[in-house]
Amino acid sequence: MPMIYDIRSTEHAQRTLSSLTSVPTSIWERYLHHERDYTYIDDLVADVIDTHGYLPDSYQNFKFIYFHVTTSANECLSIQRYGLLDLKQAYSSPDSELKTFLEERDIHIDLEEKLLIYGDQTFDITFHSGFRPRQDTIAQACWGIGRKFYYDFTSCGFLSVWERSPYGGQVHHRPEILSDIEKLLKLRLSQEWALTHKPYEIVAQVSGEKIVYDGDDGQSERDKVLTYLTTAYLTAFGEPSEKILLIKNNVQIPPEDIIEIKPLSHWK
């Protein structure tokens, strides 16, 4: 049986906590309000598991259920066909909405040559990790675009979100890269995109071996597992908070691992 890790809601988190540890919710509830008896919450979680259940060997064996937030004018047709792709792959796909939108405005990106071309202007968007130009300069704007395409290009999503505060990247309004491009070109790309595109929630699954661990990678495997189970505990008996899931570089989520595509219900 696959080990499902799903904390999108308190109900999902309770099921996850019980199924992964074999500790029933009724026993977890006995420990509520006893957090002060422990130095850290994960000490409480470890004690409950050691006393009443078992600890999984590795989070890499988990199937993480998460959702990716995007915007689309055609009900996410590209994602239905090709799955969830990172920024470079998504821009290069045959029916890329982002590429079509930009080219309609005479904006072209040459990913191989690392150039952005707008009309008769050409900008070098090469990214250098050890160098950051001064703020509010053309060089800084180009660096920001390059960073998105060549460094921070992997796909990501949410294990859970905090309903009272939307994600700072505003991905439910437009792709983040548009904010970087409009800073360079002094255009209103984000507003134009939002007028014709609607927000969607792409529910998907990914194995733990394909994600970036959310913490100190030098921790033991036991501590890494406890980190995820403590997050599940806090969600199961509290409320969901913003927990981002980052996919490793060059990992794409195929269509068969997409569970559902639906209009976004969060952050209304």
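Two strands are said to pair if DSSP finds at least two bridges between them. Strands (E, at least two residues) and helices (H or I, at least four) are DSSP runs numbered from the N terminus. The structure is a predicted model, in which local features need pLDDT of at least 70 and side-chain atom pairs count only at pLDDT 80 or more, while totals for chains, interfaces and linings use all residues. Residues are numbered from 1 along each chain as its sequence is written, and side-chain values use heavy atoms, with hydrogens and water left out.

**Stop 1**

Select strand 7, residues 198-207. Of its 10 residues, 7 are buried, where buried means under 20% relative accessible area, exposed over 50% and partly exposed in between (1.4 Å probe, protein chains only). Strand 9 (residues 258-263) pairs with strand 7 in the antiparallel sense over 5 bridges; here Val203 has Glu260 of strand 9 as its bridge partner. Strand 2 also pairs with strand 7 in the antiparallel sense, over 10 bridges, and Val69 stands opposite Glu201 in strand 7.

**Stop 2: the largest pocket**

Stay with strand 2 (62-72), which gives the most to the lining of the largest pocket, with 5 residues. On a 1 Å grid over the protein atoms alone, a pocket is an open set of points with protein on both sides within 12 Å along at least five of seven lines, and lining residues have an atom within 4 Å of a point. The space in the largest pocket is about 870 Å³, a volume being the space filled by probe spheres set on the points, which are joined across faces, edges and corners. Its lining comprises 37 residues, and His68, Thr70, Leu85, Leu87 and Pro175 are the closest to the centre. Elements giving two or more residues to this lining include helix 4 (77-82), helix 5 (87-92) and helix 8 (176-185). By class, the lining holds 20 nonpolar, 11 polar and 6 charged residues; Ala, Val, Leu, Ile, Met, Phe, Trp, Tyr, Cys and Pro count as nonpolar, Asp, Glu, Lys and Arg as charged, and the others, Gly among them, as polar.

**Stop 3**

Next select helix 8, which is largely enclosed by the rest of the structure because 8 of its 10 residues are buried. Among the buried residues are Ile177, Asp180 and Leu185. Lys186, with a positive phi near 60°, follows helix 8.

Helix 8 and helix 7 (138-150) are the elements that give two or more residues to the lining of the second largest pocket. This pocket contains about 370 Å³ of space. Its lining has 18 residues, with Gln140, Ala141, Gly144, Asp180 and Lys183 nearest its centre. Helix 7 supplies the largest share, 7 residues, and the lining divides into 4 nonpolar, 5 polar and 9 charged residues.

**Stop 4: the cysteines**

Display the cysteine sulfurs. The whole structure has 0 disulfides, a disulfide being a pair of cysteine sulfur atoms within 2.5 Å. For Cys156, the closest cysteine sulfur, in Cys76, is 15 Å away, too far for a bond. Cys156 is partly exposed at 29% relative accessible area, whereas Cys142 counts as buried at 6%.

**Stop 5: a hairpin and a helix residue**

Select strand 4 (residues 115-118) and strand 5 (residues 121-124), which pair in the antiparallel sense over 4 bridges. They form a hairpin with 2 residues between them, and Gly119 in the turn has a positive phi of about 60°. Finally, select Thr231 in helix 10 (residues 221-236). Thr231 is buried, at 15% relative accessibility. Not counting residues up to four places away in sequence, Thr231 touches Tyr5, Ile7 and Lys243, contact meaning heavy atoms within 4.5 Å.

Methods:
On a 1 Å grid over the protein atoms alone, a cavity is a set of points where a 1.4 Å probe fits but cannot get out, and a pocket is an open set with protein on both sides within 12 Å along at least five of seven lines; lining residues have an atom within 4 Å of a point.
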